[in-house]
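Work through the exercises below with the sequence and structure in view. Each task is followed by its solution.

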Amino acid sequence: MLGIRVSELAKELEMSATDLIGGLGEFGVKVSGPAATIDADTAQAMREMFGKNQGESKTVEIVASPTVKELAEALGAPASDVQKKLMGMGQLVAINQRLLQDVAKQLAATYGIKLHAKVEAKVAVPHAAPKHRAPGGSVVVRPPVVTIMGHVDHGKTTLLDAIRKTNVVEGEFGGITQHIGAYQIEVEHEGEKRKITFLDTPGHAAFTAMRARGASVTDMAILVVAADDGIMPQTIEAIDHAQAAEVPIIVAVNKIDKPDANPDRIKTQLTEHNMVPREYGGDVECVPVSAKMKTGLENLLEHIVFQADLMELKADPHAKPTGTIIEARQEVGRGPIATVLVQEGTLRIGDAVVCGIAHGKIRAMINDRGERITKAGPATPVEITGLSVVPQAGDLLEEAKDERAARQIAEKRGHSERSTRLASAAKVTLEDVYRRIREGEAISLNLVIKGDVQGSVEAVVGQLQQIDQGEVRLRIIHSGVGPVTENDVMLASATSAVVIGFNVRADGPAQAAAERERIDIRSYNIIYELTASVERAMKGLLAPIFEEVPLGTAEVRATFRTPKGVVIAGCYVTDGKIVRNSQARVLRAKEVLITDKIGSLKHIKDDVREMAQGFECGIVVGDFIGFQIGDIIQAFELRQVERV
């Protein structure tokens, strides 16, 4: 055998093509992609490196996208160790956060364990009998879902139109009357037809708003940058939003037909935002295009397909249909209209569905070309009618057993689902952080910084980065110039961040969004007050330090039992004072019997707040009933100590 394709060897080794390409890179062999061919000697070296000669790995069955806690239990390792390994892989993940299947498999491999995904039966939605479902359960390659982002006037809309027009028969484009917020195109790749799904959203604002509601539908992002203009504020926002969503980014350097176009300057600017182009030794693809002249589009689409091959995107068209609401509206004469991106299974006319608090039976489906269709498979965008109310963008659409079941589920969810959705967002609260500390999770304080001028923003960021972070990791999710906008608030909501404004204020929509999403916006005019406030917040995020402050001592000289079984210690205060609701420990021969709160303090028959030295009193300590004459009660309080 003279050679073998990377994709074939990856299948033989039961690993992703992406991991194998990385292994080849460590071995000093660079390949162009899964379709590339390597020689027999290199293939054998890969077999030896990735375990064909290392014996059989232990196989563990686990859900497809496990939480860190579930993965740790399956691996028999502490959750904190798993989180450390994930941090080494560049991912800061909470203990109850779900992992991508590829990430879980890659991490399990470091423990010498192979993961096998099991299918879990969800009981939340009763599903219809498979009266029209094809048998099988076979997984097939699905089209990638792509979002195009970028600065205004850099050619995002023109690029979208150019890509779409090149994939529509002449004369047909003008006849398209339906705009559904998403569309599919078809490209030729290595002799076969491949589809790509584009989300035609208003940009990174909608992209992040959906993510804040828990929807993750985008596989990759195309960042459009004008070659004659360079990196602009909205470009930086788009980069931050895409990086926060942890999706691959392909840079489309647009307007290369202009005389003052300078693609090399764009690549240099990208390196300042943790995006290193492949030409500079990084992994970011920069593709020169001209949307106006329709040049470079085929190369861009080829890179999208190649990236999709690396990600090995798959779905089961025979599974129960599920999807995500991309956008929705109320239309006169047609009622609630929703654009759905089907993610698993095949959605059909007549299916009873529930999404959020909306339910109904699909009456009609229209594709991106305005054509009426009867079914839609994975990664296909389609507009549906027949819902009871307008759902929210990001709602999960699922098939139900019938209309009655769908209505019951939707009514049960009611308004509580929206409240739960907002409450479940991991906002930064001390109570939540203390819980996360006890569970061994890593702690981070995420910030979105806005300032009046670029110099101020740079100064603020520089000062914050000098703070001794200790146990808390400070992450600046995004920084930019201008007032705090609704877009900044939605990014903070999606990343559990606090918004900091320096010499700027939040506009009206931002304030409304902050109240709705429960996001903390802080404004400052003096930089040292800003840094001091952030430093205090970071200290507040740490588990508090308490010191014990002695209050007084009492000696038990008699005991009394009430009709309800409560034991009261008749005491004489020998030192200091005894305070009701303070902490107390009961000692007998210097041995601590119990430490609890003083629940009751009486003088004769009166309840008192405190009793001073030299007086007699009756004391009840928690539920303790084993007092003996001669026992000593020490009262104290715990005071939180400021961290230094």
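**Exercise 1: two helices in contact**

The axes of helix α7 (residues 156-165) and helix α11 (residues 297-311) come within 11 Å and cross at roughly 90 degrees. The model is predicted: local features need pLDDT of at least 70, side-chain atom pairs count only at pLDDT 80 or more, and totals for chains, interfaces and linings use all residues. Residues are numbered from 1 along each chain as its sequence is written, and side-chain values use heavy atoms, with hydrogens and water left out.

Task: state how α7 and α11 are oriented to each other, and which residues make the contact.

Solution. Step one: angles of 65 to 115 degrees count as roughly perpendicular, and α7 and α11 are therefore roughly perpendicular to each other. Step two: with contact meaning heavy atoms within 4.5 Å, α7 contributes Leu159, Ala162 and Ile163, and α11 contributes Leu297, Leu300 and Leu301. Step three: the residues of this contact divide into 6 nonpolar, no polar and no charged.

**Exercise 2: the faces of α15**

Task: find which residues of α15 are buried and which are exposed on the other side.

Solution. Step one: α15 (residues 454-465) has 12 residues and reaches 17 Å from its first C-alpha to its last, close to the 16 Å expected at 1.5 Å a residue. Step two: Ser456, Val457, Val460, Val461 and Leu464 are buried (under 20% relative accessible area). Step three: seen down the axis of α15, the buried residues fall within an arc of 130 degrees, so they line one face of the helix. Step four: on the other side of α15, Glu458 and Gln465 are exposed (over 50%).

Note on methods: Helix = DSSP H or I, 4+ residues; strand = E, 2+ residues; numbered from the N terminus. Expected span 1.5 Å × (residues − 1). Buried < 20%, exposed > 50% of the residue type's maximum accessible area, 1.4 Å probe, protein only. Arc of directions from axis to C-beta. Axes fitted to C-alpha atoms, helices over the stretch in contact; angles between N-to-C directions. Parallel < 35°, antiparallel > 145°, perpendicular 65-115°, else oblique. Nonpolar A, V, L, I, M, F, W, Y, C, P; charged D, E, K, R; others polar.
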